Amino acid sequence: MSARFTGKAVLVTGAGSGIGRAVALAFAAEGASVVAAGRTAASLDETVALIEKEGGSAVAVTADVTRSEDVRTLVRRTVEHFGSLDVAVNNAGVFRGGAPVADLPEEDWRTLLDINVTGVFLALQAEIARMREQPTGGAIVNIASNLGAHSRIPGVAGYLTTKAAVSALTRAAALDHIADGIRINAVSPGATATTMSLLPGETEAGRAARMKDASPLGRVSSTAEVAAAVLYLASPDAASVVGSDLVIDGGASA
Ligand SMILES: NC(=O)c1ccc[n+]([C@@H]2O[C@H](COP(=O)([O-])OP(=O)(O)OC[C@H]3O[C@@H](n4cnc5c(N)ncnc54)[C@H](OP(=O)(O)O)[C@@H]3O)[C@@H](O)[C@H]2O)c1
C-alpha cells in the first residue's frame with residue numbers, strides 16, 4: 001500500500017461516523033497520525049479503536065465546531081499530540097430537510113447555518129492560523145455537497161444554502177491563503193452510504209432501489225470512494241489544485 005501521509009498530522013471533524021470515519025481510516029492507512037474530532041466521545045473512541053486495530057495512530061478529541069474555543073483547542077491539541085497540523089478535513093455537518101422554504105422551521109435553518117457554515121468558518125480560522133506559521137504550510141479539504149452548487153432537488157433549501165456557502169467559502173479561503181502555502185479545496189459528494197442519505201424510515205435496501213433511478217451510476221457512493229477524493233486533494237498529487245470543488249456523485253449532477 002502507498003503511504004502518502006507518513007509523518008503527517010491530520011485533523012478530521014465529524015470523524016465518529018460516516019464519511020468522516022472513512023476519511024480518518026483512509027489517512028491512517030496511508031501513514032498519517034489522525035485526530036478524530038466530533039461531539040460524541042464514544043463514537044470517536046470507536047474510530048480510534050478501528051485505526052489502532054490496523055496498526056495506525058489516532059487520538060479522539062471532543063469538540064463542537066460551532067464553538068470557536070473548541071476548535072482552537074482542537075488545533076492546539078493536534079499540535080501537542082503530533083507536532084504539527086498538516087491536513088485538516090472539515091467534514092462535520094448535519095442535514096435538515098423535507099419542507100419547502102415557506103414551512104422550513106427557523107430553528108432548523110439556524111442549526112444548519114450554525115454547524116454547516118459557521119462551523120467550517122471557525123475551523124478554517126483556527127487551522128489556517130496554525131498552518132501559516134508552519135514552513136510547510138498545509139492542505140485543507142471542506143466537505144460540501146453536490147446539492148450546493150451542482151444538483152437541483154426540492155425540499156432542501158436550508159441544507160442546500162449551507163453547502164453552497166461551503167463551496168463559496170472554499171474558493172474564497174483558497175485565494176486568500178494560497179500565498180501562505182495552504183491549499184484549500186472542497187469535495188462535493190452526492191448520496192453516499194451513510195445514515196444521512198436515508199429518507200425518513202427508509203432501509204438501506206429501499207435506498208438502493210431508489211438510487212437505481214435517481215443516479216446515472218445507479219447506486220450511492222461508498223464512504224471509501226469519497227475518502228479517496230479527499231486524500232487526493234490533500235496529497236502532493238494535487239499540488240496545483242487550489243479552490244476546486246470535486247464532485248463525487250455518480251453523475252447525478254452531470
Ligand atoms: N451522506 C451523504 O449522502 C452526503 C452527501 C453530501 C454531503 N455530505 C456531507 O458529508 C459530511 C458527513 O456526513 P455523513 O453522511 O458522514 O453524516 P454523519 O454520519 O451524520 O456524520 C456527520 C458527523 O458530523 C458530526 N457533527 C455534527 N455536528 C457537529 C458539531 N457541531 N461539531 C462537531 N461535529 C459535529 C457528527 O458527530 P456528533 O453528532 O457526534 O458531533 C457526525 O459524526 C457532512 O458535512 C454532510 O453534509 C453527506
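Visitor: What makes S2, helix H2 and S3 a right-handed β-α-β unit?

Guide: Welcome! This is a predicted model. A crossover counts as right-handed if, with the strands pointing away from the viewer, the path from the first strand over the helix to the second runs clockwise. Here S2, helix H2 (residues 41-53) and S3 make such a right-handed unit. Another right-handed β-α-β unit is made by S1, helix H1 (residues 18-29) and S2.

Visitor: How do you know that S2 and strand S3 pair?

Guide: Pairing needs at least two bridges between the strands. Six bridges join S2 to S3 (residues 57-62), and the two run parallel, so they count as a pair. Within this pair, Val35 stands opposite Val59 in S3. On S1 (residues 9-13), five bridges link the strand to S2, also in the parallel sense, and Ala9 stands opposite Ser33.

Visitor: Why is strand S2 called largely enclosed?

Guide: Buried means under 20% relative accessible area. Six of the six residues of S2 (residues 33-38) are buried, so the strand is largely enclosed by the rest of the structure. Ser33, Val35 and Ala37 point one way, while Val34, Ala36 and Gly38 point the other way, and all are buried.

Visitor: Which residues lie nearest the centre of the second largest pocket?

Guide: They are Lys8, Gly138, Ala139, Arg183 and Ala234, out of 15 lining residues. The volume of this pocket is about 240 Å³.

Visitor: What makes up its lining by class?

Guide: The lining of the second largest pocket has six nonpolar, five polar and four charged residues. Gly counts as polar in this scheme.

Definitions and conventions:
Residues numbered from 1 in each chain as written. Predicted model: local features only at pLDDT ≥ 70, side-chain atom pairs only at ≥ 80, totals over all residues. Heavy atoms only, no water. Buried < 20%, exposed > 50% of the residue type's maximum accessible area, 1.4 Å probe, protein only. Helix = DSSP H or I, 4+ residues; strand = E, 2+ residues; numbered from the N terminus. 1 Å grid on protein atoms, 1.4 Å probe; cavity = no way out; pocket = protein on both sides within 12 Å on 5 of 7 lines; lining within 4 Å. Points joined across faces, edges and corners; volume = space filled by probe spheres on them.
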